[in-house]
Amino acid sequence: MADITVRPMTADDAERVLAVYQAGLDSGDASFETNAPTWTAFDAGRLPGHRFVAVDPGDHVIGWIAVSPTSTRAVYAGVVEHSVYIDPVARGTGAGRILLDALIASADSAGIWTIQAGIFPENTASLALHQGAGFRTIGTRERVGRHHGRWRDVVLLERRSPVVT
């Protein structure tokens, strides 16, 4: 973990961010999506102040985290949904926790009071990561969507900020 650092994501990271995203999608247990979007679509759908990449000592992107608003309604301005993806070769290195900690600090300082995530129950590593970072399970949305021809459940987790009141 000592060799992994986190920095803000930039447009120069687009190729690696999207490659890591696609690798996660290819695993089959990361998202209902099957193809990473274009950088333009990715960029448009995520809040600019809360995007980070984990990099190795050579500044090679090994993971990323970003948030999207959950609603355009003003009352939900402090609620975001996040995604975190780690390159398969870097899984188990602590990069996910470093990214999640950076996001939590960023969200807390920006007045975001709830970070939520939807995770397939089969993605036990992601569930453990989030629970270890203080996320709590809200419930399971059963058969919420079809993925590769089968119904999938999604576990809904959230982290409520202890500093935003």
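Biologist: Which residue with a positive phi follows H4?
Modeller: That's Gly-134, with phi near 95°. Keep in mind that this is a predicted model.

Biologist: Okay, and H4 itself, which of its residues are buried?
Modeller: H4 covers residues 124-132, and the buried ones are Ser-126, Leu-127, Leu-129 and His-130.

Biologist: Where do they sit when you look down the axis of H4?
Modeller: The buried residues fall within an arc of 160°, so they line one face of the helix. In general, an α-helix has 3.6 residues a turn, so residues three or four places apart point the same way.

Biologist: Nice. What's on the face turned away from that buried side?
Modeller: Thr-124 and Ala-125, and these two are exposed.

Biologist: And what covers the buried residues of H4?
Modeller: The cover includes strands E4 (79-86), E5 (114-119) and E7 (150-160), along with helix H3 (95-109).

Biologist: Switching to pockets: how much space lies in the largest one?
Modeller: About 1000 Å³. Its lining has 39 residues, and nearest the centre are Ala-30, Val-84, Tyr-85, Asn-123 and Ser-126.

Biologist: How many of the lining residues are nonpolar, polar and charged?
Modeller: The lining of the largest pocket has 17 nonpolar, 15 polar and 7 charged residues.

Methods
Residues are numbered from 1 along each chain as its sequence is written. This is a predicted model: local features need pLDDT of at least 70, side-chain atom pairs count only at pLDDT 80 or more; totals for chains, interfaces and linings use all residues. Side-chain values use heavy atoms; hydrogens and water are left out. Buried means under 20% relative accessible area, exposed over 50%, partly exposed in between (1.4 Å probe, protein chains only). Helices (H or I, at least four residues) and strands (E, at least two) are DSSP runs, numbered from the N terminus. The arc is that of the directions from the helix axis to the C-beta atoms. Contact means heavy atoms within 4.5 Å. On a 1 Å grid over the protein atoms alone, a cavity is a set of points where a 1.4 Å probe fits but cannot get out, and a pocket is an open set with protein on both sides within 12 Å along at least five of seven lines; lining residues have an atom within 4 Å of a point. Grid points are joined across faces, edges and corners, and a volume is the space filled by probe spheres set on the points. Ala, Val, Leu, Ile, Met, Phe, Trp, Tyr, Cys and Pro count as nonpolar, Asp, Glu, Lys and Arg as charged, and the others, Gly among them, as polar.
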